[in-house]
Amino acid sequence: MITVLLTCFNRAEKTEHCIRSIVEGNPGLSFSFVLLDDASTDRTMQMLEQLQRDGIDIMILHGDGNSFWAGGMRKAIAYAKENTKSEFYLLVNDDVDFEKGAVEQLLAEYGEVSEGGKTQTALVGPTCNRAGEFTYGGIRYDRGIHYTAVTPEMNDRSCDTFNMNCLLLGGELFKANANFDPCYIHGLADFDYGLDMKRRNILLWVASFYVGKCEKNSEKGTWMDRSLPRRVRLKKKASPKGAPFRQWFHFLRKNFGAKTALLHGFTPYIRIIAGR
């Protein structure tokens with residue numbers, strides 16, 4: 001049994017495709033889903049109820065529209081830790097279109113990397129775009145807070161943390177991990193989660209293949225969009241889906257120390273003011 005955790009909001013087609021690609025693409029495995037729907041106003045609920053009628057085991061949790069990604073995953077993780085018992089947990093983003101057999105292949109590779117479960121391991125499933133180029137997965141810090149991607153083509157695929165578009169954990173490790181830090185509303189929670197495991201000497205390893213397609217999020221319309229006026233960028237940066245100062249400073253101080261937080265906490269503002 002594999003318990004899959006995800007959160008969704010107003011993208012019914014992508015959410016359905018993600019769930020079906022997992023279930024139908026890995027017929028030899030048994031899945032249950034814990035999903036937080038953050039008060040979607042499209043046809044998401046009708047779609048999820050249809051999946052239930054189709055025999056897919058989905059526990060639907062309900063948000064109030066203000067959970068965002070980190071909050072939704074936090075609630076799904078809390079429910080799963082309290083109410084489920086599975087050999088494996090798969091934490092995913094609902095915009096991943098999984099390749100056929102990807103989860104079966106992940107499990108096989110997990111057995112190899114973890115030496116049959118002897119080594120506590122977090123296995124990261126990297127994703128690529130339609131052109132086959134890396135988009136999300138493991139990352140390795142090379143200097144300060146600057147990092148590079150760890151891709152399936154590398155020989156050394158150990159990493160320091162990850163984008164949680166696809167992460168496979170053994171049941172014991174999932175239960176032992178703390179939940180997402182409550183400071184995070186939308187982003188940074190996955191990086192923080194991975195860095196916490198790294199500090200505890202958990203092996204973080206990137207799979208040797210792309211588990212599915214997932215396009216890179218565009219910077220257009222975000223606080224990093226240089227075509228927008230500075231005041232608009234500042235407003236977007238302060239929004240939950242931006243990079244609110246408190247969360248960014250907390251992330252830096254917690255994971256890199258107070259000196260780094262003071263040095264880089266204001267960098268995004270300098271970037272905006274400079275038009276970069």
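This is a predicted model: local features need pLDDT of at least 70, side-chain atom pairs count only at pLDDT 80 or more; totals for chains, interfaces and linings use all residues.
Three strands form an open sheet in the order E10-E9-E11, with antiparallel pairing. E10 and E11 are the edge strands, since each pairs on one side only. Strand E9 covers residues 138-143 and strand E10 covers residues 146-150; 5 bridges join them in the antiparallel sense. Within this pairing, Arg 140 stands opposite Thr 148 of E10, and Arg 143 has His 146 of E10 as its bridge partner. The hairpin of E9 and E10 has 2 residues between the strands, and Gly 144 in this hairpin takes a positive phi near 60°.

E9 also pairs with strand E11, residues 161-162, again in the antiparallel sense, over 2 bridges. Here Ile 139 has Thr 161 of E11 as its bridge partner.

**Helix H2**

Helix H2 runs over residues 44-53, and its buried residues are Thr 44, Met 45, Met 47, Leu 48 and Leu 51. Seen down the helix axis, these buried residues of H2 fall within an arc of 160°, so they line one face of the helix.

What covers the buried residues of H2? The cover includes strand E1 (2-8), helix H1 (12-25), strand E2 (31-37) and strand E3 (57-62). After H2 comes Gly 55, with a positive phi near 100°.

**Helix H6**

Helix H6, residues 189-199, has 8 of its 11 residues buried, so this helix is largely enclosed by the rest of the structure. The buried residues of H6 are Ala 189, Asp 190, Phe 191, Asp 192, Tyr 193, Gly 194, Leu 195 and Met 197. Just after H6, Asn 201 takes a positive phi of about 65°.

**Aromatic contacts**

The whole structure holds 12 aromatic pairs. A pair of aromatic rings is described by the distance of the centres and the angle of the planes.

Tyr 89 lies in strand E4 (residues 88-92) and Phe 174 in helix H5 (residues 171-176); the pair links distant parts of the chain, 85 residues apart. Both Tyr 89 and Phe 174 are buried. Phe 174 has a further contact: the charged end of Lys 81 sits over its ring, 5.8 Å from the ring centre.

The other pair brings the report back to the sheet. Tyr 141 lies in strand E9 and Phe 256 in helix H8 (residues 245-256), so the pair ties together parts that are 115 residues apart in sequence.

Are the two residues of this pair buried or partly exposed? Tyr 141 has a relative accessibility of 16% and therefore counts as buried, because buried means under 20%. Phe 256, at 25% relative accessibility, counts as partly exposed.

Tyr 141 and Phe 256 also belong to one aromatic cluster, together with Tyr 147, Phe 191, Trp 248 and Phe 251.

How values were computed
Residues are numbered from 1 along each chain as its sequence is written. Side-chain values use heavy atoms; hydrogens and water are left out. Two strands pair if DSSP finds at least two bridges between them. Helices (H or I, at least four residues) and strands (E, at least two) are DSSP runs, numbered from the N terminus. Buried means under 20% relative accessible area, exposed over 50%, partly exposed in between (1.4 Å probe, protein chains only). The arc is that of the directions from the helix axis to the C-beta atoms. Contact means heavy atoms within 4.5 Å. Rings of Phe, Tyr and Trp (its six-membered ring) pair if their centres lie within 6.5 Å; planes under 30 degrees apart count as stacked, over 60 as edge-to-face and the rest as tilted. A charge sits over a ring if NZ of Lys or CZ of Arg is within 6 Å of the ring centre and within 35 degrees of the ring normal.
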